[in-house]
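The sequence and structure come first.

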Amino acid sequence: MMSQLQVAVGVVINENAEILIAHRRPDQHQGDLWEFPGGKREPSESREAALTRELFEEVGINVISATELTRIRHDYADRRVTLDVWLVTEFDGEAHGREGQKIKWCTLAALAEHDFPAANAPIITALQQCEQLSVSRKEKPDLPVE
Ligand SMILES: Nc1nc2c([nH]c(=O)n2[C@@H]2O[C@H](COP(=O)(O)OP(=O)(O)OP(=O)(O)O)[C@@H](O)[C@H]2O)c(=O)[nH]1
Ligand SMILES: [Mg+2]
C-alpha cells in the first residue's frame, strides 16, 4: 500500500496582503510548478513544528503566528499526500530562496496565473474566501491625502 505523506504547507502573507510562492525544481515531485513553501513532517514533530522548520529551511523566515486554513488529502499516481495548510500572518525575516529556488510575492488575483500541483486547487479556493485576506486588503492605508 502507498504511504500517506504528511506535509506542512505555509501560505505566508505580507503587510500588502501578498502571498509568497516558490518554484519547485524540475527534479522534485510535481516539479517545475509553483508551490507554497513547506515539506514533509518528521515522525517526531508536531504539525506546527514542521511548518516552522520547513519555512525556515526553505525561505529563511521565522513563523510567529499561524492559523489553520485547510487540510487536503490528494492521491497522485505515485504518492498520497495530506497537506496541512496554514495561513502565516506574522513572521520575522526577509523571505529568500534558501535552496536556490525562485520565489515571489503575488496578489491573490495573480495566483491564478501560476501553475500549481493538482492538490492545491482547494487552497486557492479557500484563499479566495478567506476573511483575513479581504480584511487585510481593507485595512491597507489609503493613498495619502494631499
Ligand atoms: N511544499 C509543498 N508541497 C506540496 C504542495 N502541493 C503539493 O501537492 N505538494 C506535495 O507535497 C509533497 C511534499 O512536499 P515537498 O516536496 O516540499 O517535501 P520536502 O520539502 O520535505 O522536500 P524533499 O522531498 O525535497 O526533502 C510533495 O509530494 C509535493 O508534490 C505545495 O503547495 N507545497
Ligand atoms: Mg518542500
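A residue counts as buried if 20 or more other C-beta atoms lie within 10 Å of its own, and as exposed if there are 12 or fewer. The model is predicted. By the burial criterion, A50, L51, T52, E54, L55, E58 and V59 of α1 are buried.

**Helix α1**
- Helix α1 covers residues 47-59, and its 13 residues should span 18 Å at 1.5 Å a residue; the end C-alpha atoms are 18 Å apart, which agrees.
- The cover over the buried residues of α1 includes β1, β2, β4, β5 (62-75), β6 and β7 (103-106).
- G60 follows α1 and has a positive phi, near 70 degrees.

**Annotated binding site**
- The unreviewed UniProt entry places a "binding site" feature at R24, H29, E35, F36, P37, G38 and N120.
- These positions are spread over 97 residues of sequence but cluster in space, with a largest C-alpha distance of 13.9 Å.
- H29 sits in the loop between β2 (19-23) and β3 (34-35), and H29 is exposed because 12 other C-beta atoms lie within 10 Å.
- N120 belongs to the loop between α2 (108-111) and α3 (121-128), and N120 counts as buried because it has 22 C-beta neighbours inside 10 Å.

Definitions and conventions: Residues numbered from 1 in each chain as written. Chains lettered and ligands numbered in written order. Predicted model: local features only at pLDDT ≥ 70, side-chain atom pairs only at ≥ 80, totals over all residues. UniProt positions renumbered as here; feature names shortened; annotations may be inferred. Helix = DSSP H or I, 4+ residues; strand = E, 2+ residues; numbered from the N terminus. Expected span 1.5 Å × (residues − 1). Contact = placed C-beta atoms within 7 Å.
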